[in-house]
Amino acid sequence: MLRFVLTAALALSAAPAFANDSVAELGTGGLILSRSDAVSMQSEDLFISPEKVTVDYVFHNNTDKDVDAIVAFPMPDISGDPEEMPAIPENQSDNFLGFEVTIDGVAVKPQLEQKVFALGIDIGADLKAQNVPFNPFGDEAKAALAKLPQAVADDWVNRGIIIDDSGGAKPNYAPFWQLRSTYWWRSTFPANKDVHVSHRYKPSVGGTSSVSFFFDGKFQGQYASYKTRYCMDDTFENAVRKAAKDGPDGYPQYNESRIAYILTTGGNWAAGTIGKFKLTVDKVNPKALVSFCGDNVKKVGPTTFEMTADDFYPEHDIDILLLDPLDSDSGDGN
């Protein structure tokens, strides 16, 4: 049996802080293979919206031998650092992205492996010994910290596991560790056959309650980096200008949202390309503005945009900028 490991790329993407109410998106990704000439990716159908991400793959085993595989889906690392404000869809759950997977239409129940680190050191045994849950954003973890023996709490503060954010009053301990979670399961790619793999999750949507790249009547602030990252064109920018002109205070009346999808870690399958690639971006709100980089992008519905390519090589990640009007009746969107 040939063996390899199939993994999904999910990495932490820290967005700049624009305001106190800004939250950072966690970059998300799809399935990739460790280097193997046995299995090719026949197609990938990727759908991204602020509400869900779905990915449908067709893999083909090009050999006359079954391929026994361990399939892994690393969740993005999350940290209890109070200075960070990551957007976590379900922050009280270990499955904080609501991840689900099927193989050939059959639901798979993956196993979950979790590790926790402070200053790069595995501190899982310490947390277990004190019955402290691993999720740094869970209410149960914070409640457990309040019950720590003083000697343990002092030791954990010194080791960078927790911090006291009380400001000098009665101690109020908060998690400072990093959680690394991986879902995994076993699968087989039969010889000379296709395998359909689908997974879905809720995206981490970063954002701020204003437009960070246009104020005081001109493009500034995050504009230079945003223009490159999101490929903002004249149509998009003119819509922002019009919204600012129509706004009561001269500012565009939009909430800004951001979604990051990591695509460049792909390419480890046979030939290194995707036979047929399809990307669909759904802005959900017809009045919203959307901008992202892509070749030959077409509007295919009131809220949907599509890009297709053959023998596609993933050279760039997908970053999506959404502007939702504060007044749902304003603007036509694009």
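This is a predicted model: local features need pLDDT of at least 70, side-chain atom pairs count only at pLDDT 80 or more; totals for chains, interfaces and linings use all residues.
I started with glutamate 306, which is partly exposed at 25% relative accessibility. My cut-offs: buried is under 20% relative accessible area, exposed is over 50%, and partly exposed lies in between, using a 1.4 Å probe and protein chains only. Residues are numbered from 1 along each chain as its sequence is written, and side-chain values use heavy atoms, with hydrogens and water left out.

**Salt bridges**

Which residue does glutamate 306 pair with in a salt bridge? I got lysine 278, with the closest N and O atoms 3.7 Å apart. The pair links distant parts of the chain, 28 residues apart: glutamate 306 is in strand β23 (residues 304-312) and lysine 278 in strand β20 (residues 274-282). Lysine 278 is partly exposed too, at 30%. I take a salt bridge as a side-chain nitrogen of Lys or Arg within 4 Å of a carboxyl oxygen of Asp or Glu. Helices (H or I, at least four residues) and strands (E, at least two) are DSSP runs, numbered from the N terminus.

I then searched the whole structure and got 10 salt bridges. One of them joins aspartate 126 to arginine 159, with 3.0 Å between the closest N and O atoms. This pair also links distant parts of the chain, 33 residues apart: aspartate 126 sits in helix α1 (residues 124-129), arginine 159 in the loop between α3 (150-158) and β12 (162-164). Aspartate 126 is partly exposed at 23%, and arginine 159 is partly exposed at 29%. Asp155 joins Asp126 and Arg159 in a network of salt bridges.

I also checked glutamate 256 and arginine 258, whose side chains meet in a salt bridge at 3.0 Å, N to O. Buried or exposed? Glutamate 256 is buried at 1%, and arginine 258 is buried at 0%.

**Strand β14**

Next I listed pairings, where two strands pair if DSSP finds at least two bridges between them. Strand β6 (residues 67-74) runs antiparallel to β14 over eight bridges, and valine 67 has phenylalanine 189 as its bridge partner. Strand β10 (residues 111-118) is antiparallel to β14 over seven bridges, with valine 116 opposite leucine 179. Strand β7 (residues 78-79) is antiparallel to β14 as well, over two bridges, and serine 79 is partnered by glutamine 178.

I also looked at proline 74, which is in β6 and partly exposed at 23%.

**Helix α3**

Which residues of α3 are buried? I noted Val152, Ala153 and Trp156. They are on the same side of α3 because they cover an arc of only 100° around the axis, the arc being that of the directions from the helix axis to the C-beta atoms. Ala151 and Asn158, on the other side, are exposed. The buried residues of α3 pack against α1, α2 (139-145), β12 and β13 (173-175); contact here means heavy atoms within 4.5 Å. Glycine 160 follows α3 and has a positive phi, near 75°.
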